[in-house]
Amino acid sequence: MKRLLLIIGAVGSLAGCSTSPPAPAEGAAAAMPAPSNVEETIMQVERDWGDAMTKHDIVALDRILGDDHSVITKDGSVLTKAQELANYKSGESSNELSDFEPMKIRVFGDTAVVTGGHREKSHNFGKDTSGHYRWTDLFVKRNGRWQAVASQLTRVEEGKP
């Protein structure tokens with residue numbers, strides 16, 4: 001009889017167990033930024049980046065772009081951060097961005113992928129590069145701030161959605 005009571009007690013204890021992870025400790029949720037806050041932060045970095053390109057603000061561009069940033073440009077060439085900054089410093093590149101499309105931001109821990117688009121008035125080494133573009137930017141959170149580490153631009157043919 002004692003054995004039966006022990007078995008019933010053990011089964012009863014197990015029935016009360018859950019395979020769900022434990023609830024976070026009080027205050028733990030507050031330590032993790034809400035996804036919307038991260039997304040808003042990255043969207044602001046994207047807007048700041050566009051403003052910095054328009055204004056040729058090399059200090060802001062240097063802050064936004066990681067030292068290892070590379071971009072596949074409008075003409076398909078690949079530039080390093082140093083080359084990008086040199087183009088803006090020299091005045092050989094200019095951009096005036098407008099008509100931003102909604103951005104889609106996907107966050108994976110300290111990495112985020114942003115897709116979006118815009119229209120621009122621009123020139124690069126004397127060539128008019130104005131048009132409608134879509135792009136992908138890859139960000140990594142380093143030392144508490146988001147930096148762009150890779151980008152790619154694609155020109156959209158007029159008439160395409």
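The legends below describe close-up views of a predicted model.

**Figure 1. Overview of the predicted chain, with five helices and eight strands.** The order of elements along the sequence is α-α-α-α-β-β-α-β-β-β-β-β-β. Of the 161 residues in the protein, 30% are buried. Contacts between residues at least 6 apart in sequence include 50% that join residues at least 24 apart.

**Figure 2. The largest nonpolar core, made of 20 residues.** Ile-42, Trp-49, Met-53, Leu-61, Val-114, Phe-139 and Trp-146 have the most contacts inside this core. At least two core residues come from each of helix H3 (35-55), helix H4 (58-64), helix H5 (81-90), strand S5 (111-124), strand S7 (131-142) and strand S8 (145-155). Helix H3 gives the largest share, six residues.

**Figure 3. Surroundings of Leu-61.** With residues up to four places away in sequence not counted, Leu-61 touches Trp-49, Ala-52, Met-53, Leu-85 and Tyr-88. Leu-61 is also listed with Trp-49 and Met-53 among the residues that have the most contacts inside the largest nonpolar core. Leu-85 and Tyr-88 are among the buried residues of H5.

**Figure 4. The one aromatic pair found in a search of the whole structure.** The ring centres of Trp-49 and Phe-139 are 6.2 Å apart and the ring planes stand at 90°, so the pair is edge-to-face; the cut-off for that class is over 60 degrees. Trp-49 lies in helix H3 and Phe-139 in strand S7, 90 residues apart, and the pair thus links distant parts of the chain. Trp-49 has a relative accessible area of 8% and is buried. Phe-139 is buried as well, with a relative accessible area of 0%.

**Figure 5. Lys-74 and the ring of Tyr-133.** The charged end of Lys-74 sits over this ring, 5.5 Å from the ring centre.

Figure 6. Lys-81, Glu-84, Leu-85, Asn-87 and Tyr-88 are the buried residues of H5. Viewed down the helix axis, these buried residues fall within an arc of 155°, so they line one face of H5.

Conventions
Residues are numbered from 1 along each chain as its sequence is written. This is a predicted model: local features need pLDDT of at least 70, side-chain atom pairs count only at pLDDT 80 or more; totals for chains, interfaces and linings use all residues. Side-chain values use heavy atoms; hydrogens and water are left out. A nonpolar core is a set of buried Ala, Val, Leu, Ile, Met, Phe, Trp, Tyr and Cys residues joined through side-chain atoms within 4.5 Å. Buried means under 20% relative accessible area, exposed over 50%, partly exposed in between (1.4 Å probe, protein chains only). Helices (H or I, at least four residues) and strands (E, at least two) are DSSP runs, numbered from the N terminus. Contact means heavy atoms within 4.5 Å. Rings of Phe, Tyr and Trp (its six-membered ring) pair if their centres lie within 6.5 Å; planes under 30 degrees apart count as stacked, over 60 as edge-to-face and the rest as tilted. A charge sits over a ring if NZ of Lys or CZ of Arg is within 6 Å of the ring centre and within 35 degrees of the ring normal. The arc is that of the directions from the helix axis to the C-beta atoms.
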